[in-house]
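Open the model in your viewer and keep the selection panel at hand. We will go stop by stop.

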Amino acid sequence: MKLISVYLLLMIGYSQLLERYQIIGNPKPSLVSILTELQTQIKSGGAQTTTIAFLDNLKSTIDEEQIRHDQLYTQQRNQCSLELDLRKKDIKDAEQVGSRANEQLENCSTSNNKARSELDNNLESQKTTDSDIKILKGIRDEASRLFQNKKRDHLDALTSLQQVLLTLDGFTGGDCSLAELGKVAMTFIQTAVMAKNDQPLVDISEIFAQVATENGGYREVYEKLKQLIVNFEQTLQKNLQDYQDVEDLQIQEYDDRNIHLVEYFNNLKRTEQQLRDHITAMSMCINQQTAIVDTARGKKVRNLQMLDSVDKMCKDFLLEYEKASQVRKDQIDLINQVKQSVYDFYSQKPQAACPGGGSD
């Protein structure tokens, strides 16, 4: 009966192990082979030491398997630690790279927007300055045209006056008729009109209103008319010089103002090019940093996925290790129970068989 109890104990315990822990570790010796071997050892009348040695050998095999699994799991755990650290490092690196790229992207975007705003203001200033330059030139051209007209009128008038004086000088001793003086006066009036000066009209009227004859001539009219012409000639020459002085001053003022506006306009053009170059550089920066941000984000996502997979795999390693180790522990416990039953069996085995008795 003791032998049967040993068999039963081994059968129940081993079947429970197989039911609880399926496909764990290396293939185990079958229950039949273990029972057969144990039965053979006992029925053959083998010594207790032989049976115990069989069980110890089985236990040693399980212990060796546990040692190999310990070594394997140590390697797996170390590899898991390295892989997890690597993935965490890659995630952290991706976050740092993405953070720096985002910061740089924000700086480039801000600088780009500022440059675009400055460019809009610059172009508006160019438009205004260019308009000022054209208006200033238009004013100068008109002033120059008016001056040239006055100059031409005065020069023509002076030339005409020279002819009038020559005509008067042709009258010997001022001896001339009133009709001849009237003709000269009319030419003089035309010349004054040419010079846009109506004062001679008043003066001539006064001269001819005070006509007095001298020995049948018009000496007094002659003298006054000639003096009036000479005075008017001097007035025209002075006016012409005044016009020239004013023209020279206006030209200088125009040149000074125009130089300032042109220089300012050229500075605006140079600034425009600098702003456009900066906008181009910032646009490239935005594209580059955006690509870096996208790459870093993708790297982080991939490594998070890999971290999750590695973490799951490592947990599976641990679960498999713990299950297999528990199986072996239960196997050792079972073997120890069987060994104890064997010890009990051999300790209670009769020294000689009873007559007519049978074997259990």
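The tour visits the disulfides and then two further residues. Keep in mind that this is a predicted model.

**Stop 1: the sulfur bridges**

How many disulfides does the structure hold? Select the cysteine sulfurs and you will find 2 disulfides. Counted along the chain, the bonded cysteines follow the pattern 1-4, 2-3.

**Stop 2: Cys-80 and Cys-314**

Select Cys-80 and Cys-314. A disulfide joins them, with an S to S distance of 2.0 Å. The pair links distant parts of the chain, 234 residues apart. Cys-80 sits in helix α3, which covers residues 48-169. Cys-314 sits in helix α6, which covers residues 219-348. Now check the torsion about the S-S bond: it is -110°, and the link is left-handed.

Is Cys-80 buried or exposed? Its relative accessibility is 6%, so Cys-80 counts as buried. Cys-314 has 12% relative accessibility and also counts as buried. The cut-off for buried is under 20% relative accessible area.

**Stop 3: Cys-108 and Cys-285**

Move on to Cys-108 and Cys-285. These two form a disulfide, and their sulfur atoms are 1.8 Å apart. Cys-108 lies in helix α3 and Cys-285 in helix α6, so this pair ties together parts that are 177 residues apart in sequence.

Which hand does this disulfide have? The torsion about the S-S bond of Cys-108 and Cys-285 is about 65°, so the disulfide is right-handed. Colour by accessibility next. Cys-108 is buried, at a relative accessible area of 2%. Cys-285 counts as buried too, at 10% relative accessibility.

**Stop 4: Asn-112**

Select Asn-112, which is placed in helix α3. Why does Asn-112 count as buried? Because its relative accessibility is 7%, and buried means under 20%. Show its surroundings, leaving out residues up to four places away in sequence. Asn-112 then touches Ile-279, Met-282, Ser-283 and Ile-286.

**Stop 5: Thr-129**

Finish at Thr-129, again in helix α3. Thr-129 has 4% relative accessibility and counts as buried. What does the side chain of Thr-129 reach? Draw a distance to the backbone oxygen of Ser-125: the side chain of Thr-129 reaches that atom at 2.7 Å.

Now hide the neighbours within four places in sequence. Thr-129 is in contact with Leu-261, Tyr-264, Phe-265 and Leu-268.

Definitions and conventions: Residues are numbered from 1 along each chain as its sequence is written. This is a predicted model: local features need pLDDT of at least 70, side-chain atom pairs count only at pLDDT 80 or more; totals for chains, interfaces and linings use all residues. Side-chain values use heavy atoms; hydrogens and water are left out. A disulfide is a pair of cysteine sulfur atoms within 2.5 Å. Helices (H or I, at least four residues) and strands (E, at least two) are DSSP runs, numbered from the N terminus. Buried means under 20% relative accessible area, exposed over 50%, partly exposed in between (1.4 Å probe, protein chains only). Contact means heavy atoms within 4.5 Å. A polar contact is a pair of N or O atoms within 3.5 Å; within protein, one must be able to donate a hydrogen and the other to accept it, and residues adjacent in sequence count only if both atoms are side-chain atoms.
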